[in-house]
Amino acid sequence: MHRYKFVLYRPLQLLPVLFGISVITFVLVRLIPGDPARVILGTKATPAAIARIREQYGLDEPLWLQYFYFIENLGRGEMGKSILYKIDVLKLIATRIEPTLMLVLTSVFLSILIAVPMSALAARHQGRLADHAVRVVSTMGIGFPPFWLGLMLIIFFAVQLDLFPVSGYGNSLAEKPWHLVLPSLTIALSLSAVITRSLRAAMIQGLRSDVATAARARGMPESIVFWRHVFPNSLVPTINLLAVNIGWLIGGSVVVETVFALPGMGQLLVRAIFSRDYMVVQGVAMVFACATVLVNFLADIITVTVDPRVKL
């Protein structure tokens with residue numbers, strides 16, 4: 001079990017990362033042009049009303065003191081109060097986590113569902129027509145921006161074929177998966193292209209490894225060699241690649257939620273930025289940062305579990 005000793009000290013190493021993210025987020029939010037009080041009150045706001053709003057939310061304090069209050073709130077498990085929604089930021093984020101979480105999970109599932117067969121087909125037919133076709137498709141998938149791909153899927157599957165909803169998240173448990181198909185597919189088509197290229201390369205390397213050669217020498221069929229020996233060993237770099245791309249996946253979810261009008265954290269973040277709702281922007285950014293750090297931590301644990309040779 002000494003392979004898992006990094007679980008004891010790795011969280012301590014992640015604390016400086018979260019601290020740095022909190023500083024960068026705080027500074028960048030304050031650099032957004034505009035005054036939150038003026039945005040809320042409108043163009044006809046009086047100086048007295050603006051001063052009252054700024055005092056109410058602590059915006060008239062020095063920046064270093066505002067950051068101290070922000071860290072103090074985090075230490076108490078709070079994130080302040082939203083200027084726009086007039087409720088606690090943590091409660092507000094809690095109401096938006098489900099759509100974003102389901103979008104990310106279904107996107108990863110669809111990505112793996114697309115990438116594994118394509119990678120296996122390309123690796124087992126290296127240099128042939130199938131391999132070239134998979135490489136062309138994966139290259140195209142990387143080149144398509146998510147917002148454009150989402151719009152194309154809406155036009156084809158929702159408008160022309162009328163198979164899926166155009167936007168929204170649905171109201172019942174049966175409607176929600178149906179509303180997530182197109183948004184998840186939008187992210188999955190881009191993410192699966194990256195996974196396919198990495199997994200294909202790992203599988204080709206595995207087919208040339210000594211383990212595969214020894215299995216063939218024992219008379220094992222090529223399909224058994226591939227799925228029993230090559231495929232499991234190819235998963236380790238894929239797991240690490242998914243962990244590395246979790247930041248990109250979260251960024252993609254922000255764009256996709258805006259395109260499909262999903263009431264998730266991405267749409268909340270965009271609206272908070274335009275309304276200069278500092279507390280909400282900081283809160284959502286910290287939740288995204290913690291999620292990214294947690295996913296990378298879990299990926300390390302899975303990597304060590306899958307491949308006992310890896311030591312972290």
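**Entry 1: aromatic rings**

I began with ring pairs, and the count came to 10 aromatic pairs. I picked Tyr67 and Phe70 to look at: their ring centres are 6.3 Å apart and the planes meet at 55°, so I noted this pair as tilted. A reminder to myself that this is a predicted model.

Where do Tyr67 and Phe70 sit relative to each other in helix α4? They are 3 residues apart in α4 (residues 63-75), so about one helical turn separates them.

I then moved to Phe68 and Tyr69. Their ring centres lie 6.1 Å apart with planes at 55°, so I wrote this pair down as tilted too. For accessibility, I have Phe68 at 47%, which counts as partly exposed, and Tyr69 at 37%, also partly exposed.

Which residues do ring pairs link with Tyr67 and Phe70 into a cluster? I found Phe19 and Phe26 there, joined with Tyr67 and Phe70 through ring pairs.

**Entry 2: helices α7 and α9**

A pair of packed helices is described by the angle between their axes and the distance between the axes, so I looked up both. Helix α7 (residues 129-143) packs against helix α9 (residues 175-207) at an angle of about 135°, and the axes are 8 Å apart. Since an angle has to be over 145 degrees to count as roughly antiparallel, I therefore filed α7 and α9 as oblique to each other. The crossing of α7 past α9 is left-handed.

I listed who makes the contact. From α7 I have Asp131, Val134, Arg135, Ser138, Thr139, Gly141 and Ile142. From α9 come Leu189, Ser190, Ala193, Val194, Thr196, Arg197 and Arg200.

**Entry 3: Val89**

My last stop was Val89, which I located in helix α5 (residues 89-94). Is Val89 buried or exposed? Its relative accessible area is 0%, so Val89 is buried.

I then asked what Val89 touches, leaving out residues up to four places away in sequence. My list reads Met79, Gly80, Lys81 and Ser82, along with Met279, Val280 and Gly283. I also looked up the spacing to Val284: it is 195 residues from Val89 along the chain, and 8.6 Å separates the two C-alpha atoms.

Key:
Residues are numbered from 1 along each chain as its sequence is written. This is a predicted model: local features need pLDDT of at least 70, side-chain atom pairs count only at pLDDT 80 or more; totals for chains, interfaces and linings use all residues. Side-chain values use heavy atoms; hydrogens and water are left out. Axes are lines fitted to C-alpha atoms, for helices over the stretch in contact, and angles run from 0 to 180 degrees between N-to-C directions. Helices (H or I, at least four residues) and strands (E, at least two) are DSSP runs, numbered from the N terminus. Angles under 35 degrees count as roughly parallel, over 145 as roughly antiparallel, 65 to 115 as roughly perpendicular and the rest as oblique. A crossing is left-handed if the near helix is turned anticlockwise from the far one by less than a right angle, and right-handed if clockwise. Contact means heavy atoms within 4.5 Å. Rings of Phe, Tyr and Trp (its six-membered ring) pair if their centres lie within 6.5 Å; planes under 30 degrees apart count as stacked, over 60 as edge-to-face and the rest as tilted. Buried means under 20% relative accessible area, exposed over 50%, partly exposed in between (1.4 Å probe, protein chains only).
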